[in-house]
Amino acid sequence: MNDPQVGPGTFLIASPLLRDPNFHRTVVLLCEHEDDEGSMGIVVNRPDDRTLQEALGGVEPHPSQRLWIGGPVQRDAILVLHRKPELPGARLIVDGMAMGGDDEVLLDLLRESNPHRARVFSGYAGWGAGQLSAELEQRSWITCTAHARFIFDTEAGDVWSAVLRSLGSRYAYLADLPADPRVN
């Protein structure tokens, strides 16, 4: 359902017509949104070529943990999204998902062998005051409530289409469009 109420815990699903290559077939978890101040989110379905160990500089995460591209803004910023909202200092986003928390506790979580509990993102997506609202009016994004299963339990290449299909027949057909909708 395309929900006009946008805020933290909303998925922004890139419309097939969105031309920005940074967001082609992406799903963004909106983490902060104040229309008069700006918005911040994390692209949740883009694996990075760099390893998590490279990004964290000497920290030894479990080998199954990987690095994800959270967006084009401040690619040197590291953000951790996880399924442990009870961690000290963590900020609940939605559906049992939280961001950040105590550094030592987060590092312990990343050393575990279960990548379905935490993801590390390099960078984020950001919008200035009113910018996201303008993009929503232009129908650059389809919105719905975020769910952890799409981030932690769905293969990265399937997230965009899986979220669209979860919205029912009104949006499911978009998942089958070619990567460039001008090509038929």
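## Pro88 and its neighbours

Leaving aside residues up to four places away in sequence, Pro88 touches Gly101 and Asp102, where contact means heavy atoms within 4.5 Å. Pro88 itself lies in the loop between β5 and β6 (91–94); helices (H or I, at least four residues) and strands (E, at least two) are DSSP runs, numbered from the N terminus. The C-alpha atoms of Pro88 and Val105 are separated by 8.1 Å, with the two residues 17 apart along the chain.

A word on the model: it is predicted, so local features need pLDDT of at least 70 and side-chain atom pairs count only at pLDDT 80 or more, while totals for chains, interfaces and linings use all residues. Residues are numbered from 1 along each chain as its sequence is written, and side-chain values use heavy atoms, with hydrogens and water left out.

## Aromatic rings

Let us turn to the rings. Rings of Phe, Tyr and Trp (its six-membered ring) pair if their centres lie within 6.5 Å, and planes under 30 degrees apart count as stacked, over 60 as edge-to-face and the rest as tilted. By this rule there are 4 aromatic pairs. One of them joins Phe23 and Trp141 edge-to-face, at 5.5 Å centre to centre and 75° between the planes. This pair links distant parts of the chain, 118 residues apart: Phe23 is in the loop between β1 (10–14) and β2, and Trp141 is in strand β9.

Both Phe23 and Trp141 are buried (buried is under 20% relative accessible area, exposed over 50%, partly exposed in between, with a 1.4 Å probe and protein chains only). Ring pairs also bring in Trp127, giving a cluster of Phe23, Trp127 and Trp141.

## His33

His33 belongs to strand β2 (residues 27–34) and counts as buried because its relative accessibility is 16%. Its side chain makes a polar contact with the side chain of Ser39 at 2.6 Å (a pair of N or O atoms within 3.5 Å; within protein, one must be able to donate a hydrogen and the other to accept it, and residues adjacent in sequence count only if both atoms are side-chain atoms).

## Positive phi

Gln74, in strand β5 (residues 73–82), is not a glycine, yet has a positive phi of about 45°.
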